[in-house]
Amino acid sequence: INAEYGGLRAHQMDGQLWQSGPDSVPFNIPPDIELPMVQGAPRTTAELFAGRRCMLVSVPGAFTTICDAVHLPGFVDKAHEFKQRGLDPVFVAVNDSAVMEAWGEVHGAGGKVELVGDGNGELTRALGLLVDMSVKGMGSRGKRAAMIVDDLVVTWLVIDTLCEFRSTRVESVLEDLYAVCLLYTSDAADEEDSVDLGGRRIIKKKKSRHRTP
């Protein structure tokens, strides 16, 4: 993961990061994307993200193997650690809102992790994460990813390849966030610095400053 002041630029370890959509961060999420509800009026992305900081996690689907057994339970268990950092955990998947609500109830996510249904995949597409999983009978789904959304702006992002579950594990995300916080609050802001995270390296680039004589 390469980082620059003003936002982080994420690079997948083994090839192209994005198939479509934005190719670096920070980037803006359109405020008018509608997220249909099975019951009630749709929510917009402005209603979901404006005026708050979220740890948004994209997963392929509710109740699917890794998502159900490891991914969501991990974030439910560690939700307080994100909230302590001023981040509200939010999970999104290309499922309808009723399925996401039921999934959250099974895992006791209430008050810990907000679950959002992106039934038509519009938000997932805007994030550049929509992928064809028809070979598994799943149609269009979202890649496994984790990102910070600060008032509709994606400022940090990691994406797993379709065949792995590593960078978006709750332990990996918390480790990366700790390292980013360490780098960006250090006094050595004019020098290039880095932290090695077991194969994932966060680099702080030089930042030019205007000094008064």
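Biologist: Which residues does M55 touch, not counting those up to four places away in sequence?

Modeller: M55 touches F75, F82, L87, D88, P89, V90, A146, M147, I148, W156, V173 and L177. Contact here means heavy atoms within 4.5 Å. A word on the source: this is a predicted model, where local features need pLDDT of at least 70 and side-chain atom pairs count only at pLDDT 80 or more, while totals for chains, interfaces and linings use all residues. Residues are numbered from 1 along each chain as its sequence is written, and side-chain values use heavy atoms, with hydrogens and water left out.

Biologist: Which residues of the largest nonpolar core touch the most other members?

Modeller: They are M55, F75, F82, F91, W103 and V113, in a core of 26 residues. At least two core residues come from each of β6 (53-58), α2, α3 (79-84), β7, α4, β11 (145-150), β12 and α6. Another core lies apart, with 21 residues, including I29, L56, L123 and I159.

Biologist: What makes a set of residues a nonpolar core?

Modeller: The members are buried Ala, Val, Leu, Ile, Met, Phe, Trp, Tyr and Cys residues, joined through side-chain atoms within 4.5 Å. In soluble globular proteins, nonpolar side chains tend to be buried together.

Biologist: Why is F75 called buried?

Modeller: F75 has a relative accessible area of 0%. Buried means under 20%, exposed means over 50%, and partly exposed lies in between (1.4 Å probe, protein chains only). F75 therefore counts as buried. F91 is buried too, at 0%.

Biologist: How many aromatic pairs are there?

Modeller: The count is four. F75 and F82 form a stacked pair, 5.3 Å centre to centre, with 15 degrees between the planes.

Biologist: What makes the pair of F75 and F91 edge-to-face?

Modeller: The planes of F75 and F91 are 70 degrees apart, with the centres 5.3 Å apart. F75 belongs to helix α2 (residues 65-77) and F91 to strand β7, so this pair ties together parts 16 residues apart in sequence. Helices (H or I, at least four residues) and strands (E, at least two) are DSSP runs, numbered from the N terminus. F63, F75, F82, F91 and W103 form one aromatic cluster.

Biologist: What is the order of the strands in the open sheet?

Modeller: The six strands run β3-β12-β11-β6-β7-β8, with mixed pairing. At the edges are β3 (27-28) and β8 (114-117), each pairing on one side only.

Biologist: How do you know that β7 and β8 pair?

Modeller: Two strands pair if DSSP finds at least two bridges between them. Strand β7 (residues 88-93) and β8 have four bridges, in the parallel sense. F91 has L115 in β8 as its bridge partner. Helix α4 (residues 97-106) packs on the sheet, touching β7 and β8, and its direction makes about 160 degrees with that of β8. Axes are lines fitted to C-alpha atoms, for helices over the stretch in contact, and angles run from 0 to 180 degrees between N-to-C directions.

Biologist: Why do R43 and E114 count as a salt bridge?

Modeller: A salt bridge needs a side-chain nitrogen of Lys or Arg within 4 Å of a carboxyl oxygen of Asp or Glu. R43 and E114 meet at 3.0 Å, N to O, so they qualify. R43 lies in strand β5 (residues 43-44) and E114 in strand β8, so the pair ties together parts 71 residues apart in sequence. The whole structure has seven salt bridges.

Biologist: Which residues are linked with R43 and E114 in a network of salt bridges?

Modeller: R52 and D88 join R43 and E114 in that network. R52 and E114 meet at 3.2 Å, N to O. R52 sits in the loop between α1 and β6, 62 residues from E114.

Biologist: What makes E171 partly exposed?

Modeller: The relative accessible area of E171 is 46%. E171 and R169 form a salt bridge at 3.7 Å, N to O.

Conventions. Phe/Tyr/Trp six-rings, centres within 6.5 Å; stacked < 30°, edge-to-face > 60°.
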